[in-house]
Amino acid sequence: MMKLGANLNGFTIVTEPTNNDAGMSQWCHAEREGQRYFMKMYLSPKYPTASAPGTAAGKERRRVECERFEQRQLAIVKRLRPDGPGGGHLVTTLAFFRV
């Protein structure tokens with residue numbers, strides 16, 4: 001869970017997470033190794049855990065949806081490089097992970 005002071009994959013949350021102007025996501029600032037980062041948590045799709053409600057087939061459909069979402073995000077990360085055309089005007093993804 002993204003909350004102030006939490007450590008997620010080596011990033012420490014240093015501002016209170018918010019969803020102001022974020023649509024279906026939550027964002028905050030985080031630090032790692034003395035560097036400050038913008039961190040965004042997608043609220044959808046939601047990865048199904050073993051204890052999540054629903055049938056096994058329904059959980060499998062949601063898991064597949066989440067994996068496709070992750071693959072699309074990783075493909076975007078590959079295409080958007082800070083040293084590429086227009087890279088100085090975009091927030092580019094450096095890490096994409098599920099917690």
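How many helices and strands are there in the protein? There are one helix and four strands, where helices (H or I, at least four residues) and strands (E, at least two) are DSSP runs numbered from the N terminus.

Before you start clicking, note that this is a predicted model, in which local features need pLDDT of at least 70 and side-chain atom pairs count only at pLDDT 80 or more, while totals for chains, interfaces and linings use all residues. Residues are numbered from 1 along each chain as its sequence is written, and side-chain values use heavy atoms, with hydrogens and water left out.

**Stop 1: the whole chain.** Colour the protein by element and follow it from the N terminus: the order is β-β-β-β-α. Of its 99 residues, 23% are buried, meaning under 20% relative accessible area, with exposed over 50% and partly exposed in between (1.4 Å probe, protein chains only).

**Stop 2: the core.** Now select Met-2, Ala-6, Leu-8, Phe-11, Ile-13, Cys-28, Ala-30 and Met-39, the eight residues of the largest nonpolar core. Such a core is a set of buried Ala, Val, Leu, Ile, Met, Phe, Trp, Tyr and Cys residues joined through side-chain atoms within 4.5 Å. Strands β2 (11–13) and β3 each supply at least two of its residues. Zoom in on Ile-13: beyond its neighbours within four places in sequence, its contacts (heavy atoms within 4.5 Å) include Met-2, Leu-8, Cys-28 and Met-39.

**Stop 3: Trp-27.** Stay with strand β3 and pick Trp-27. Is Trp-27 buried or partly exposed? Trp-27 counts as partly exposed because its relative accessibility is 24%. Leaving out residues up to four places away in sequence, Trp-27 touches, among others, Met-2, Pro-17, Phe-38 and Lys-40. Try the distance tool on Trp-27 and Phe-38: they are 11 residues apart in sequence, and 7.3 Å apart from C-alpha to C-alpha.

**Stop 4: the largest pocket.** Switch to a surface view. Rolling a probe the size of a water molecule over the atoms shows where empty space is left. The largest pocket has a volume of about 1200 Å³. Select Lys-40, Met-41, Tyr-42, Phe-96 and Phe-97, the closest to its centre of the 34 residues that line it. Then highlight β3 (25–32), β4 (35–42) and α1 (56–79), the elements that give two or more residues to this lining.

Here a pocket is an open set of points on a 1 Å grid over the protein atoms alone, where a 1.4 Å probe fits, with protein on both sides within 12 Å along at least five of seven lines; lining residues have an atom within 4 Å of a point. Grid points are joined across faces, edges and corners, and the volume is the space filled by probe spheres set on the points.
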